[in-house]
Amino acid sequence: MIIRPARARGQSDRLPAPVQLLALVAVAFFALPFIGLLWRMPWGSVWSIIADDAVGTALWLSIRTSLAATALAVTFGVPLAWLLARVAFAGRGAVRALCLLSMVLPPVVGGVVLFFSFGRRGLFGQYLDRWFDVQLPFTIWGVIVAQTFVSMPFLVITVEAALRQVDQRYEDAARTLGGSRWYVFRRVTLPAIRPALIAGAVLAWARALGEFGATITFAGNFPGTTQTMPLATYLALETDPQSALVLSLVLVAISFGVLVSLRERWLGGFGPVSA
Amino acid sequence: MSLQAAIGVRLPGFDLDVELHVEPGEVLAVLGPNGAGKTTLLRSITGLTPLDRGRLVVDGTALDDPELDLFVPVDERPIGMVFQSYLLFDHLSAADNVAFGLRARGMKKAIANERSIDWLGRVGLAELANARPRDLSGGQAQRVALARALATEPRVLLLDEPLAALDVQTRREVRRDLRDHLASFDGMRLLVTHDPIDAYALANRVAILDEGRLVQSGTIAEVTAHPRSRYVAELVGTNLVSGIVEHGTMTTDSGARVVAADAPDGRSFAVIRPQAVVLSSAHAGASDGTASSARNTWPCTVSDIDILGDRARVSVVGVLPLTAEVTVESVESLGLRPGDDVQATVKATDIETYPA
């Protein structure tokens with residue numbers, strides 16, 4: 001899946017010139033916006049803006065909700081991936097498409113469908129309200145639901161692909177040694193798909209952290225309860241562009257840091273390989 | 001107290017229908033070509049492939065009986081298996097691999113580790129307890145796999161092509177070790193292999209599997225002496241002809257006449273050992289059969305020559321296709337080449353016949 005780059009790249013490994021050129025254009029395409037961001041950054045007031053209560057609140061809310069959404073995505077997504085990868089049932093293709101739909105939908109549409117099903121007057125939401133006194137819209141729970149809704153497919157699709165690639169003979173061997181299905185999954189399958197699980201969880205977390213459309217549609221935009229970093233950034237752009245820049249910088253720094261630090265872990269992954 | 005298996009498994013394009021039994025202390029080798037159903041047979045005994053019909057009983061307890069809707073899950077069967085490529089878990093040390101089955105059964109970690117080290121000691125690998133499977137040689141990996149399968153103290157041990165993953169040099173050494181280790185296990189042992197040498201070295205009894213059916217079974221001496229199919233004969237490296245005997249002369253299915261000493265009348269098999277076949281030039285004086293005491297002479301054409309050390313196996317075709325084993329010197333002095341016409345001669349007393 002993830003290819004380890006050759007350590008010593010000899011002359012013979014050199015790519016054709018057009019490929020190199022196009023690759024460099026791609027790198028520049030990704031690098032230039034961030035250079036622009038750094039260039040416009042009001043460096044003198046960065047610290048005071050970050051220390052501002054409103055920013056801290058939004059950041060703290062984003063971290064909590066995105067981690068909660070990731071935890072939910074792993075809790076429900078891994079069993080879902082297991083089901084989709086290993087159980088041949090009628091309509092599996094349709095179920096898979098349904099579960100991955102929110103990945104390709106415009107997020108705002110995701111927010112709309114959530115609102116009309118789990119909103120206070122929604123088909124199911126009215127019973128959540130009436131029977132359990134649970135209201136999702138305009139609460140932190142609504143943020144988490146919206147983020148989980150759009151981020152779980154990234155985990156499911158990654159883990160399902162890994163489960164399909166696992167050499168099932170190792171699971172067979174573990175079964176003959178007396179391992180129950182659950183024990184074998186924990187001790188043999190999970191270690192084998194660990195790199196994909198981590199990659200999927202990171203993708204889901206990044207998607208949850210950046211979630212905007214579904215959140216603002218379903219959960220609203222209340223500072224302290226539903227105003228996450230992306231929402232705060234967007235609103236700041238209209239009122240206070242300088243803090244929008246700083247908020248962006250914070251999101252960029254966190255995401256970049258996580259991607260760089262986890263990269264080594266994905267590559268350091270392992271799995272049973274054929275003897 | 002034994003393994004009794006009537007295995008009926010239907011897979012797409014393949015049907016396995018086999019009945020066999022293994023007594024405690026016995027090693028049964030199931031010998032057959034690739035695709036004969038050997039691995040499916042083992043998988044059905046472990047429960048990885050459920051039976052479609054038949055019945056599997058170990059020590060008087062039914063483990064699989066589709067008619068009674070009875071099926072004991074894989075992880076609850078007293079059956080251990082050594083897989084063809086060993087399938088050691090690469091993320092666990094050798095000791096943790098061996099402890100896997102004990103831990104899966106809920107044994108405390110400390111006790112399981114102690115037992116696992118003990119098992120590794122029995123297969124002579126105590127010092128490699130912390131090694132990762134990828135750092136083990138093929139022979140060591142096989143011993144770890146064996147210790148892992150035996151650590152849970154199964155009643156039945158299954159081995160799938162235990163030597164196929166090894167290179168030729170280590171195979172002989174590992175085969176000898178494996179025989180010793182198998183001897184120390186008192187349960188029922190069943191191994192499948194495509195290599196008759198493994199069967200000879202490791203098993204008391206052999207069953208020949210071909211296209212999902214058992215074609216012959218018995219002690220190795222019986223099967224070697226009296227093969228009952230072309231496949232078995234090829235496997236044990238001898239020539240088998242079948243035909244009808246009248247007054248001591250067999251007329252083979254291909255129309256050749258074979259004179260054999262003491263041949264019983266009726267449908268029979270005749271075994272002609274390759275070493276008993278004498279090849280001579282087609283123009284030698286023996287062509288009329290009078291200049292020799294040998295009663296059988298067939299004209300034929302060399303189709304293939306295989307040199308094995310100082311011996312050559314020469315395949316001839318004609319009215320009676322045969323394989324002859326002669327010295328390389330003879331091949332050279334006769335100047336044999338594929339396509340040459342020769343005569344094959346066999347003494348009647350060198351041909352053993354038995355009823356089909």
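Author: Leu87(B) counts as buried, because 27 C-beta neighbours lie inside 10 Å. The cut-offs are simple: a residue is buried if 20 or more other C-beta atoms lie within 10 Å of its own, exposed if 12 or fewer, and partly exposed in between, with C-beta atoms placed from the backbone. This is a predicted model, in which local features need pLDDT of at least 70 and side-chain atom pairs count only at pLDDT 80 or more, while totals for chains, interfaces and linings use all residues. Residues are numbered from 1 along each chain as its sequence is written, with chains lettered from A and ligands numbered from 1 in the order in which they are written.

Now the backbone. Leu87(B) is not a glycine, yet its phi is positive, near 50°. Most residues other than glycine have a negative phi. Leu87(B) sits in the loop between strand S7 (79–82) and helix H2 (94–104) of chain B. Helices (H or I, at least four residues) and strands (E, at least two) are DSSP runs, numbered from the N terminus.

Asp59(B) also has a positive phi, of about 50°, and is not a glycine either. This residue is found in a loop too, between strand S4 (53–58) and strand S5 (61–65) of chain B.

Chain B holds nine helices and 21 strands. Buried residues make up 42% of its 356 residues. Its C-alpha atoms fill a box of roughly 80 × 45 × 35 Å along the principal axes. Take the contacts in chain B between residues at least 6 apart in sequence: 62% join residues at least 24 apart. A contact means C-beta atoms, placed from the backbone, within 7 Å.

One open sheet of chain B has five strands, in the order S14-S13-S12-S15-S21, with antiparallel pairing. Strands pair if DSSP finds at least two bridges between them. Strand S14 (257–259) and strand S21 (351–355) are the edges, and each pairs on one side only. From one strand to the next, the twist averages 40°. Here axes are lines fitted to C-alpha atoms, for helices over the stretch in contact, and angles run from 0 to 180 degrees between N-to-C directions.

Chain A is built from 12 helices and has zero strands. Of its 275 residues, 36% are buried. The box filled by its C-alpha atoms is roughly 65 × 65 × 30 Å, again along the principal axes. In chain A, 76% of contacts between residues at least 6 apart in sequence join residues at least 24 apart.

Finally, the place where the chains meet. The contact takes 19 residues from chain A and 24 residues from chain B. On the chain A side, helix H8 (168–176) and helix H9 (181–210) each supply at least two residues. H8(A) gives the most, with seven residues. The chain A side divides into 11 nonpolar, five polar and three charged residues. Ala, Val, Leu, Ile, Met, Phe, Trp, Tyr, Cys and Pro count as nonpolar, Asp, Glu, Lys and Arg as charged, and the others, Gly among them, as polar.

Methods. Contact = placed C-beta atoms within 7 Å.
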